[in-house]
Amino acid sequence: MTITEQDLQLTLDTLQPATAGSGKASNRLCVVISDVHFTDGTVGNQSAEETVWAEFFADLTDTCQNQDIDELTLILDGDVVDMIRTSVWAEAGVYPWQRSNPQFKECLHKIMDGILLLHDRPPAKGEQSGGFFYHLKQLPGDLKDQNPNVDLNVLVLLGNHDKEIFADPEVLRRFYEDCLGQPVSSLKPEYRAWIGNMYFGDANRFKATDSVPWLPFYWGDADLRLFVTHGQWRDRSNSLAISATADVPGWNTKDGWAAKAWQKLNYRPFTEACFGDTVAAGVLSTFIWHSKTKLAEAFNEPGATAPNLTRIKRILDELDLYRPNSAAVSRILQETSRSSTDARVRTIIENELFSALKDWLSWDYTLASAPSSQRLGLRLARYWLKLTESLLQSRIQLQFVRGVLKVLDWLEKVRPSSVYSEDGASLKNLLAFPTFQEALLKQGFQIHGEGHTHIPLQAEADIDSPTRKNFTYVNFGAWRDQIVDKENGGFRRRGIGRSLYVLNRQKRSEYRYFVRDNLSWSDRMDKLD
């Protein structure tokens, strides 16, 4: 994969909104976090605890005061709102790739309602918690209280779990206004022109103040030496391969960073439904909702003797925390195999899982959107379920499908260019990033940052450059709970989070950058074990 000069020039021309600049030295701070995945909570809530956000925003204001910051840029690097992990699609009988369905936009608004209800609420009386969006909208005032001259800029980049909000301008408007506290009519002309140029090569695309600009796909700042994008452009399962036609170019992840081709494609590889983020994640949410519904129906009937469902409901709600998706299937089958699991519960869960996987494998869009290397395995699993469905041996059938999924996930992970392994940050891969091309190196860029994988990584590279020899790759991981194995067996839940701080104090000729990793444990999380 070779990035063309045309791609690099377009990237350089659309790094950020055009600004005149004061010409004066200033102290600048940029803070980046990624993958907060705020959901409506209907199939589990895996976001970081509210107390974490109070501490995070307090640290932002304290750092600005202690470092005498004049300009703070806060970047949320994609997957901020998660429009896939919800029961709304299953309840409506609509799948998140069916954008022409009359109920599609209604579902988007309902999901956004739930997200705001959970993550925009103020702290309870006498507490310091409160939702992320509440604290974000308080941030300008908190900064002004400490330093009335500080300038705040909040940017959200496009991820792969929030792209559905592009499908309805009114939902995107709600994201800007209700989540970020940025009235669309007040968005600066420079910002509007930047987004229009990036995606469509048309500065006037979002010129009208009642139009709703898309979220940027990337952002860069030469003074901060930082380039940021979400990272889905390297992931075969979470970007859509496009075949070339007489009118438009084709693209897949092997083609690498191709800003010009993406523009000609209207960024369809990253705005349309994909195999991993939309199809696989959507079916997992559907399974969770159907299972919980069937359990409630089975044991709420008069005279029914209900088993204790606390454990199984908790496990269903936390399935999304397992990576990769085959691990979620393994976890639920491990649970139903326990001798202590009520036979009625086991039957319901395994039947619903079988039904969900059978439906998923039967959809033409599953195979059409899957990476080509995985289609043979998926077809094999599809035919196996069809051939054996009449045998009524769902556990054996499920174990076979689980095995196929594990093999496919393993094959994807061991690829040298996989974004899900340490080798994904090898020098060979780093040299394919736009940040480490001569055109950007000449501008002084030093750091390439991305999220997406939920795996916090960092790598150093020695690259021949006219400006310096030391360069850094940073993956921001995720801000959410995770499930980890305990040394003596079993699982434990803990919170994780990572922030990148890039500090350029021009008034003192000081430049440095660092990450702050947040690992948290609590009684609340332990009660979920």
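Biologist: Leaving aside neighbours within four places in sequence, which residues is Ser-237 in contact with?

Modeller: Quick caveats before that: this is a predicted model, where local features need pLDDT of at least 70, side-chain atom pairs count only at pLDDT 80 or more, and totals for chains, interfaces and linings use all residues. Residues are numbered from 1 along each chain as its sequence is written, and side-chain values use heavy atoms, with hydrogens and water left out. Ser-237 sits in the loop between strand E5 (226-229) and helix H8 (259-264), helices (H or I, at least four residues) and strands (E, at least two) being DSSP runs numbered from the N terminus. With contact meaning heavy atoms within 4.5 Å, the partners of Ser-237 are Cys-274, Phe-275, Gly-276, Asp-277, Pro-371 and Gln-374.

Biologist: And is Ser-237 buried or exposed?

Modeller: Buried means under 20% relative accessible area, exposed over 50%, and partly exposed in between (1.4 Å probe, protein chains only). Ser-237 has a relative accessible area of 12%, so the label is buried.

Biologist: How do H10 and H13 run, roughly parallel or roughly antiparallel?

Modeller: Helix H10 (residues 275-299) and helix H13 (residues 343-362) pack with their axes 9 Å apart, at an angle of about 150°. Axes are lines fitted to C-alpha atoms, for helices over the stretch in contact, and angles run from 0 to 180 degrees between N-to-C directions. Under 35 degrees counts as roughly parallel, over 145 as roughly antiparallel, 65 to 115 as roughly perpendicular and the rest as oblique. So H10 and H13 are roughly antiparallel.

Biologist: Which residues of H13 make that contact?

Modeller: On the H10 side, the contributors include Phe-275, Val-279 and Phe-287. Across from them, H13 brings Arg-344, Val-345, Ile-348, Ile-349, Glu-352, Leu-353, Ala-356 and Trp-360.

Biologist: What about H10 and H11, roughly parallel or roughly antiparallel?

Modeller: Helix H11 (residues 310-317) packs on H10 at about 165°, with the axes 10 Å apart. That angle is why H10 and H11 also come out as roughly antiparallel.

Biologist: Over in the loop with Arg-85, which side chain does the Arg-85 side chain make a polar contact with?

Modeller: Arg-85 lies between strand E2 (71-76) and helix H3 (88-92), and counts as buried at 6% relative accessibility. A polar contact is a pair of N or O atoms within 3.5 Å; within protein, one must be able to donate a hydrogen and the other to accept it, and residues adjacent in sequence count only if both atoms are side-chain atoms. At 3.1 Å, the partner is the side chain of His-161.
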